[in-house]
Amino acid sequence: MDRRRFLSVSILSAAGMVVAAGPPASAAPGAATGHRFGFAPGGAGFLLDGKPFQIRSGEMHPARIPVEYWQHRIRMAKAMGMNTVALYVMWNYIEETPGVFDFRTDRRDIEAFVRLCQTEGMWVLLRPGPYVCGEWDLGGLPPYLLKNPDIKLRVKAADDPHYMAAVTRYIGALAPRIKPLMADNGGPVLMVQIENEYGSYGTDAAYLEEIRQLWIAAGVTGPFYTEDGLSQVESGHTYVSGGAIALSGGDAPSVAQARKDFPAVPAMAGEVYPGWLTHWGDSTFQGVGTDISGTLKAFMDKGLSFNIYVIHGGTSFGFSAGANANDLSGDYQPDITSYDYAAPVNEQGAPTAQYLAYRSLIAGYLTTPLPPVPAAVPTITRSGGAELLPSAYASVWDNLPAPLPADLTVTPQPMETYGQNSGFILYGRPLPGYAGGSLDIRWVHDYATVCLGGSYAGGLYRQNLPAAMAAALHLSTANQPLTLPAAGAVGTDPRLDILVEGMGRTNYGQALVDRKGILESVSLADAGPLTGELTGWQTTLLPMDDQYIAGLTPKVTDPQRPGLFFRSIVELTEVGDTYLDLSEWTKGVVWVNGRNLGRYWQLGPQQRLYCPAPWLRQGRNEILIFDLHQTRPQPISLCATLTATPVPTTGWKLVHADSQETAAENGAAVNAFDGNPATYWHTAWSTGDAPLPHELQIDLGARYTLDGLTYLPRQDGSPNGRIGSYEVYVSDTATAWGSPVATGAFTDTAAPKTVALPPTTGRYLRLRALSEAGGRGPWTSAAEIGVTGVPAL
């Protein structure tokens, strides 16, 4: 997708051919015979079986959606008024090793997805790259290409035969699978895109033509189209002979301008953004609140074809999320795991308010009713109780594979040199005669933790981080040297270990060659006889792939050394979609029943990882967490949503407090929801202790569907009154509470606490404190109580 939010376009009066809002009934993509899809004379629009046809497309990516939910997501697009699904093919997901293609396992079966679209009466726009961008690692190009030190990407054969040879192999494997799926062969594929947004990278028309010819030679003769911003098409002429033009960020005026500039072929809005992508470190999730109603209305008024990028984003599971960087590979911005994108269909597959608005708008133009919106997938929630407090299970240091041969590791090399695509890589060597100093690495890609003599000595990150976070973890940022401990702390013959996490490879712009690990050298400064470049490394590959995780030995020799796997076994009586809340963890990766959910990072804004119901099972479930920093586990919770929306406290009223201290201090119960963490509710103590349990009853001012409760213990340094065991009730009346919707126990710390609630509707909240966390007395205190949820419909 195009990284520019806004494109400079000329605002013109409406022009172009107005086409029918939907396909003729006889043109169903499930028909047994072929269809004729092509362009109207003079490029006035698209034709299906000789009749004007409006493409109403919603994009989704099979690789980001559990296979069991493919049909559900396709039906969600159809119920919003779409007649087409656009999809990327992620080359590096189906050819991880040169010449070894996998078109069948897990989310790789592109043919099955396309056939499913056909079964559901949907047409398809195929976007196979070879480069796709898509906030996907390396924009979909295989990392094995980077093993060649002189590789040039996205160039014709004369400029780099190695690259184009790999592209030829890829299209040669994919095209025979796509040919029978083309519309003229009875399938649902209307057009095949050639490359993607090439105008944002280069201007060599010969490169695009070589790719087009590869498809033709393999039997797929079109129709073809290209995708670019209007200004890139105008300046670079990045289109192919006879191919339609799709515009990134396109709207009705830009389509009209493209028709004026390139009148021989039709133009469409190829990427209409209903939201936006989010990076680690962004202040919040991006794109929330975007409204494309006006843009869609103009398309429908004029019968223009369009593709919503994305109608459903899904999840960049495992290590597949990409990154952005400037042309010098600086200003590195890795993408979060969630690809929710603030899309009309959210990450979990539920319709948003925007979905319902767009559906209503589009339905008003159609002559047949839309199908009903598919039922939402059920969710499960659970607060961080004992079984969701993992314990140390294995240490990476007790699970190191054999190192690479010494003659291959004299100097540090990136993981691609050794054929590793993702994960971690470890560089180690002894430092005889160590006398302190600083560690200078050229360059860390992307995040490294450093151990000296088996003890954590700090870390390095290639980009800047908030000062408080960097200081707390002793992290050197922006590739600055890391000050190491003195010899007195680690001895004069310690071992230096540098564990590097490769995060997302750059997926957009000129800095695509983004290798992972240590790129050039490691040196010590002010280190006595060790000053200078270090050689003679012992390098160990740690892809943390399925085989590695399945073979972990449950052994922790040194529980104080970071690099631990934590495990909890959760018994479920029913399964449903859920989000694992990792807000009390630092940085790492999570697996559930062997499935890699992706990365988490306290940097945020994402704190919860999506786990689809098909990856869970009734009975025993294993949650495995690898954290780069923590040596003590923290609770996790199972939540219903990606983010928690705080319910405003402005309309809250206290219904009842069983006890409050107002004589010797201001411990009034209303302090628990006054928005000031410096004030707190405290139960009576000056005239005699009130016995446990204690409780608050609060009128929220309106009915809400609640999904979480937050608790902030008093922040004045005293631990007295911290809530231990608790019960939470939600009701429409303050006289009949029913059964608790959540029970559990808070840890005895001053940190904020979160309780996941099963979605429960009511106006009144009741929190009962059954015990004091540290057993210090029969007291209860709370700096702030909050709930999350949405107004009840």
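This is a predicted model: local features need pLDDT of at least 70, side-chain atom pairs count only at pLDDT 80 or more; totals for chains, interfaces and linings use all residues.
Which residue in E6 does Val-85 stand opposite? Hold that thought for a moment, everyone.

Now, the answer: Val-85 faces Val-124 in strand E6. Strand E5 covers residues 84-88, and E6 covers residues 123-127; the two pair in the parallel sense over 5 bridges. On the E4 side, Val-85 is the bridge partner of Gly-58, and E4 and E5 also pair in the parallel sense, over 3 bridges. To get from E4 to E5 the chain passes through helix H1, residues 70-79, and this β-α-β crossover is right-handed.

How many residues of E5 are buried? The count is 5 of its 5 residues. In a regular strand, side chains alternate between the two faces of the sheet. Here both faces are covered: Thr-84, Ala-86 and Tyr-88 are buried on one side, and Val-85 and Leu-87 are buried on the other.

As a reminder, an α-helix has 3.6 residues a turn, so residues three or four places apart point the same way.

Next, a separate sheet. In which order do the strands of this open sheet run? The order is E20-E16-E22-E23, 4 strands with antiparallel pairing. Strands E20 (482-483) and E23 (532-533) are at the edges, each pairing on one side only. Strand E22, residues 517-525, pairs with E23 over 2 bridges in the antiparallel sense, and Ser-523 has Glu-533 in E23 as its bridge partner.

The structure holds 39 salt bridges, and I'll pick out a few. One joins the side chains of Arg-505 and Asp-137, at 2.8 Å from N to O. Arg-505 lies in the loop between strand E21 (495-502) and E22, while Asp-137 is in the loop between E6 and helix H4 (161-178), so this pair ties together parts that are 368 residues apart in sequence. Are these two buried or exposed? Arg-505 has 1% relative accessibility, so it counts as buried. Asp-137 counts as buried too, at 7%.

Another salt bridge brings together Arg-768 and Glu-695, at 3.2 Å from N to O. Arg-768 belongs to strand E37 (residues 753-769) and Glu-695 to strand E34 (residues 694-712), and the pair links distant parts of the chain, 73 residues apart. Arg-768 counts as buried because its relative accessibility is 18%, and the cut-off for buried is under 20%. Glu-695 is buried as well, with a relative accessible area of 9%.

Asp-716 counts as partly exposed at 43% relative accessibility, whereas Arg-714, at 7%, counts as buried. Finally, salt bridges that share partners join Glu-59, Arg-127, Glu-227 and Glu-271 into one network.

Definitions and conventions:
Residues are numbered from 1 along each chain as its sequence is written. Side-chain values use heavy atoms; hydrogens and water are left out. Two strands pair if DSSP finds at least two bridges between them. Buried means under 20% relative accessible area, exposed over 50%, partly exposed in between (1.4 Å probe, protein chains only). A crossover is right-handed if, with the strands pointing away from the viewer, the path from the first strand over the helix to the second runs clockwise. A salt bridge is a side-chain nitrogen of Lys or Arg within 4 Å of a carboxyl oxygen of Asp or Glu.
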